[in-house]
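Student: Could we work through this model together, beginning with the ligand and then turning to the charged side chains?

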Amino acid sequence: MAENELILVTGAAGQVGAVGRTVTGLLLDRGLPVRAMVRREDDRSAALRAAGAEVVVGDLLEPADVYRVVSGCRRVYFGMSVSAGYLEATVTMGTVARDVGVDALVNMSQLTVSQMSIQHTTPSPQQRQHWLSEQALAWSGLPVVTIRPTVFLDGFFLSLVSPAVRDRGRIELPFGRGKTSPVAAADVARVVAAVLADPGPHLGRIYELTGPRSQDMDGVAREYSDALNREVTYADIPPEEWERELQRVGLPEHLTRHLVTMAALNRAGRYDRMADGVERVTGRPAMSVREFVALHAEEFGGRRS
Ligand SMILES: NC(=O)c1ccc[n+]([C@@H]2O[C@H](COP(=O)([O-])OP(=O)(O)OC[C@H]3O[C@@H](n4cnc5c(N)ncnc54)[C@H](OP(=O)(O)O)[C@@H]3O)[C@@H](O)[C@H]2O)c1
């Protein structure tokens, strides 16, 4: 596989974890050529172009767009926003990748898929679609590398909780007493970039990714306190109240059902899991909650001196 072959990164603008955006930067840093796929031209696409990526605009639900962006690339990172069309987009990508012929397709999935089978699915439409997507890509015969991260620090533990941490010193989530081992999207991106840079040894593998520690939310809150040098506590809020708030802010039904399922699985102890994929692939351990919160201190209201 030649080093100078163009690598396609989908979902490159970034919204929640921004894995695609970070992967683009990491590959460019290695001197590898990247085609970054975005949904629209905006400041984010301009920044990708300024960093040295070839930016292409397209819709992952449009087969002709997918054909246009995959053509000329031998390696592909496929990931997009949690959304109702995820399975359709995956099958479209798989169909195109077979037609064009690629050397590696790195597929973003979720760690909960490791707990799923025909008899044991979950009520999350997103998790079901990832599970089915993995089945379809396995039937495809494509050279796939599967990335299964646990919950990202960047969603539940940043954007969803930062206002309450800032205003009340509380992480307000309906996670009960369940343990969790969240992983930074930046670490997930480091894994994806390492695989794309040299896919050969990784083809056919599944990488399960977690943070360095599985702990209950009181333990997580202590890491916030250490990082911010002020007291942050965990408040176990009623799930129904939390779900009403998600509906009030107008999240799509698909996303709400996914988040509500994640919280329920958390309460049931299903996020109490450890995997060493980050260190195994990148040679560096995954970031702790404390390190992540310290990096994002401003968004949590700053660190007390
Ligand atoms: N968040 C978690 O806790 C977590 C945990 C494990 C796995 N995952 C998986 O990680 C993936 C999400 O990764 P991420 O957080 O890095 O994504 P992200 O930051 O939300 O970015 C996804 C990008 O996909 C683009 N997109 C959405 N629909 C598209 C379409 N039809 N055509 C073209 N582009 C489209 C979006 O564009 P716009 O910004 O322009 O809308 C967005 O920039 C999902 O597969 C999710 O299941 C997430």
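Student: How do the residues of the shell around the ligand divide into nonpolar, polar and charged?

Tutor: In this predicted model, 27 residues surround the ligand, with Gln15, Val19, Arg39, Gln110 and His130 the closest. Sorted by type, the residues of that shell comprise 12 nonpolar, 11 polar and 4 charged.

Student: Which parts of the chain does the salt bridge between Glu54 and Arg35 tie together?

Tutor: The side chains of Glu54 and Arg35 meet with an N to O distance of 3.0 Å, and this is one of the 17 salt bridges counted. Glu54, at 34% relative accessibility, is partly exposed, whereas Arg35, at 10%, is buried. The two residues are 19 apart in sequence, so the pair ties together strand 3 (residues 54-57), which holds Glu54, and strand 2 (residues 34-38), which holds Arg35.

Student: Which residues are linked with Glu208 in a network of salt bridges?

Tutor: Glu208 forms a salt bridge with Arg148 at 4.0 Å, N to O, and this pair links distant parts of the chain, since Glu208 is in strand 8 (residues 206-209) and Arg148 in strand 6 (residues 144-149), 60 residues apart. Glu208 is partly exposed at 29% relative accessibility, while Arg148 is buried at 10%. The residues linked with Glu208 in the network are Arg148 and Glu134.

Student: What is the nearest side chain of opposite charge to the buried Arg273, and how far away is it?

Tutor: Side chains of opposite charge can pair when their charged atoms come close. Arg273, found in the loop between helix 11 (253-267) and helix 12 (277-282), is buried yet has no salt bridge, although a polar atom of its side chain lies 3.4 Å from the backbone oxygen of Arg270. A salt bridge requires the nitrogen and the carboxyl oxygen to be within 4 Å. For Arg273, the nearest side chain of opposite charge is that of Glu208, at 8.4 Å.

Methods
Residues are numbered from 1 along each chain as its sequence is written. This is a predicted model: local features need pLDDT of at least 70, side-chain atom pairs count only at pLDDT 80 or more; totals for chains, interfaces and linings use all residues. Side-chain values use heavy atoms; hydrogens and water are left out. A residue is near a molecule or strand if one of its heavy atoms lies within 4 Å of it. Ala, Val, Leu, Ile, Met, Phe, Trp, Tyr, Cys and Pro count as nonpolar, Asp, Glu, Lys and Arg as charged, and the others, Gly among them, as polar. Helices (H or I, at least four residues) and strands (E, at least two) are DSSP runs, numbered from the N terminus. Buried means under 20% relative accessible area, exposed over 50%, partly exposed in between (1.4 Å probe, protein chains only). Lys and Arg count as positive and Asp and Glu as negative; His and the chain ends are not counted. A polar contact is a pair of N or O atoms within 3.5 Å; within protein, one must be able to donate a hydrogen and the other to accept it, and residues adjacent in sequence count only if both atoms are side-chain atoms.
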